[in-house]
Amino acid sequence: MGYLEDVTKELFNYMPELTRQEDFDRFWEETISEARAVPLNSSRQKITYPIEQVSVYEISFDGMDSTPVCGWYIVPEFMQKEKYPCLIHYHGFTGSRGEPSEFMHWVLMGFAVVSIDCREQGGRTGSRAPSSWGYSMNLASKGVRSKYEYYYRYQYMDCMKAIDFACAQPEVDAKRIVVEGGSQGGALTMAMAALDDRPAAALADVPSNSNLVRRIEGEHGAFAGVADYLRRHPEELDLVMNELSYFDTMNMAGRITCKVLASVALKDETCPPEMYFATYNRIAGEKEINIYPFNAHEGGGAIQTEAKLKSLKQWFPDWFL
């Protein structure tokens, strides 16, 4: 047995008890129905970009509460194809849609790319969602007293509507959708793989939002905000843990059927690897995980990017002819 096998063998057996509630599926069916009842109201405006071989668009579409969600849409026009596969990127906590140059490796591979802001974080997207009370430290604790007002209910649906946007574009082949992201973006990737049957593959790096009870107990990453909220409101402990269970990807993992390539880093204290394994070990479909033993929350970086490019080419060779 090699070093990595020896130090990770317990991770592959890690199966904490699910916190899934009886009405879990019904809640998500109602939420998705509510989101899809809101018109997409999308727009795209081409901008002048220094790399003239691609077309770059500023985009916007409405979330489930009619919040305009901002993003980029990039098309590899130089390939002169009628339809392209599309990669949808979700960013990490406090980030934004980024800059078009960050996605050029995907564009060169032959993907159209959609990258969106997460609401109320580092980009240009706000929020019109109701909020009946305060929160502590950061957005991970916003609305924790109600699954209907919780921050990630709206954010998960923004991510689903980004798939709606992509599939509505004339250049995109709706049967060739990939979702991708790291940290918070990895959580959103997992959630979309579980809640939406359109992604053919999910690429999730150092993912968040898994095994949330443990995340809160250890005050890891953004969920330190929930722990701080509970210090201030200990009488709400059981209520908060119950409401957050609907957004825990380990409770969703049994619904994932698309191909999954994930990665974790063993020195990651923001999203500790064992917490993601509570999700990974429950994925029944085709899956693979890369483990970086001496990396922290930066994960595998460019090495993992190379692995993602290689896996997509191996999985879907016909996409890139």
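**Cores, a covered helix and a surface patch**

Tutor: In this predicted model, the largest nonpolar core comprises 78 residues, and those with the most contacts inside it are W28, I88, Y90, Y156 and M192. Helix α4 (residues 151–168) supplies the largest share of this core, 11 residues.

Student: What does W28 touch, leaving aside residues up to four places away in sequence?

Tutor: W28 touches Y156, M157, L195, Y246, F247 and M252.

Student: How do you know that the span of helix α5 agrees with what its residues should give?

Tutor: Helix α5 (residues 184–195) has 12 residues, which at 1.5 Å a residue should span 16 Å, and its end C-alpha atoms are 16 Å apart, so the two values agree.

Student: What makes α5 mostly covered?

Tutor: Of its 12 residues, 12 are buried, including Q184, T189, M192 and L195.

Student: Which residues form a nonpolar patch on the surface?

Tutor: Y3, L4, V7 and F294 form that patch, with about 400 Å² of accessible area together; Y3 belongs to helix α1 (residues 3–8).

Technical notes: Residues numbered from 1 in each chain as written. Predicted model: local features only at pLDDT ≥ 70, side-chain atom pairs only at ≥ 80, totals over all residues. Heavy atoms only, no water. Helix = DSSP H or I, 4+ residues; strand = E, 2+ residues; numbered from the N terminus. Expected span 1.5 Å × (residues − 1). Buried < 20%, exposed > 50% of the residue type's maximum accessible area, 1.4 Å probe, protein only. Patch = residues over 30% accessible without salt bridge, like charges linked within 9 Å, V, L, I, M, F, W, Y side chains within 5 Å. Areas by Shrake-Rupley, 256 points an atom, 1.4 Å probe, with all protein chains shown as cover. Salt bridge = Lys/Arg side-chain N within 4 Å of Asp/Glu carboxyl O. Core = buried A, V, L, I, M, F, W, Y, C linked by side-chain atoms within 4.5 Å. Contact = heavy atoms within 4.5 Å.
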